[in-house]
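Dear colleague,

Please find the structure we discussed below. My notes on it come after it.

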Amino acid sequence: MCVLGLETSCDDTGIAIYDTQRGLLSNLIASQAAIHADYGGVVPELASRDHSRQVLPLIQAALQAAGCSAAALHGIAYTAGPGLAGALLVGASIATALAFAWQLPLLSIHHLEGHLLAPMLESPAPEFPFLALLVSGGHTQLVQVTQLGVYQLLGESLDDAAGEAFDKTAQLLGLGYPGGAQLAQLALQGRPHRFQLPRPMTDRPGLDFSFSGLKTAVATTIRTADNSQQTRADIAQAFQSAVVETLVIKCRRALEQCGLNRLVVSGGVSANQALREQLAHLMQQRGGQVFYPRLDLCTDNGAMIAYAGAVRLRAQKPSPAAMGITIYPRWPLAEQHPPGYE
Ligand code: KG4
Ligand code: ZN
């Protein structure tokens, strides 16, 4: 079963082809980071325009790289939400038009389902059930995953997402946008324990997160400290430790609450090495396992959408594409259903 996947929910045009027999055949990405860098954040209209420019040539290139023609496809999957409405519409309209023209089933995929299934593209792949920590620029969620499409939200950020907190702190430290990876790089030179930052919401029960206070604490620290390179690195280190420790504490709590010992970590922030080390340590202590996507599949990509589309298509009766273009800019993950659910 061979599926073309389109991801256009935010600032990356991701196109991939996944085959259930042969694996990932191609995976191309057109990043818009340079377009939005001057603005310190994603400009929705610029994002939609660039998706429109990139999406068709990228589909052609992905088919070529996979060495297959449209006739070899069994379905088309696209990110239907959540995300920026204009950006989603680009992927949704192209996917719908192609599915109609090529008479293929069309699969509307939830962006976060794509992220949480992405580690299944690796070997060994996690088996259901597991706990998923989704940490991206737009979301921080702990999700109990029972089977494909059965997701229970256990906790989430009440304000900034973890990636957003990384990006805002990076900006305060004078780094570029998006600054998560650059901040992590700077933190490598930082000395631990010089600055103490809070571990928000860890002193009370529950699995929700809050990262906006941490960003304010960083702003105050920056204002009162000197501006040397070493101090900036020490602050980056203190910030990263606070986020990582907070995420680890909540993962431990969630695993205990669910009686699970398999953890899947996905989304852009799962590329963070300090987080990976600390979670590896946690799971080692518990005698459990932790799974990640490879680094280029942590951030937004078409492969995770093609994969989610393929496993859904394999598990359900194929139906012809319905007319109409469907997007859900706000779409709770818990509203997902197993394949074939009416
Ligand atoms: O999943 P993603 O590509 O987009 C969303 O769906 O939001 O995640 C992007 C986020 C950005 O906030 C970026 O700064 C962060 O992931 N990120 C990192 C690292 N690499 C990317 N944060 C911390 N450490 C990293 N190494
Ligand atoms: Zn994402």
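The notes cover the domains and their interface, then the aromatic rings.

This is a predicted model, in which local features need pLDDT of at least 70 and side-chain atom pairs count only at pLDDT 80 or more, while totals for chains, interfaces and linings use all residues. Residues are numbered from 1 along each chain as its sequence is written, chains are lettered from A and ligands numbered from 1 in the order in which they are written, and side-chain values use heavy atoms, with hydrogens and water left out.

Domains. The protein chain divides into domain 1 (2–116 + 297–335) and domain 2 (129–292), with bounds from an automatic or database domain assignment. Their centres, taken over C-alpha atoms, are 27 Å apart. In contact (heavy atoms within 4.5 Å) are 17 residues of domain 1 and 20 residues of domain 2. The two domains bury about 1,500 Å² between them, 69% of it on carbon and sulfur atoms; buried area is the accessible area (1.4 Å probe) that two parts lose on being put together, summed over both. On the domain 1 side, Leu112, Leu116 and Cys298 lose the most area to domain 2, together 37% of what that side buries.

Across this interface there are zero salt bridges (a side-chain nitrogen of Lys or Arg within 4 Å of a carboxyl oxygen of Asp or Glu). Three residue pairs, both at pLDDT 80 or more, are in polar contact across it (N or O atoms within 3.5 Å, one able to donate a hydrogen and the other to accept it; residues adjacent in sequence count only if both atoms are side-chain atoms).

Aromatic rings. Rings of Phe, Tyr and Trp (its six-membered ring) pair if their centres lie within 6.5 Å, and planes under 30 degrees apart count as stacked, over 60 as edge-to-face and the rest as tilted. The count is five aromatic pairs. Phe128 and Phe130 are stacked, because their ring centres are 5.6 Å apart and their planes at 15°. Phe130 is buried, at 0% relative accessibility (buried is under 20% relative accessible area, exposed over 50%, partly exposed in between; 1.4 Å probe, protein chains only). Phe128 is partly exposed, at 30%.

Regards
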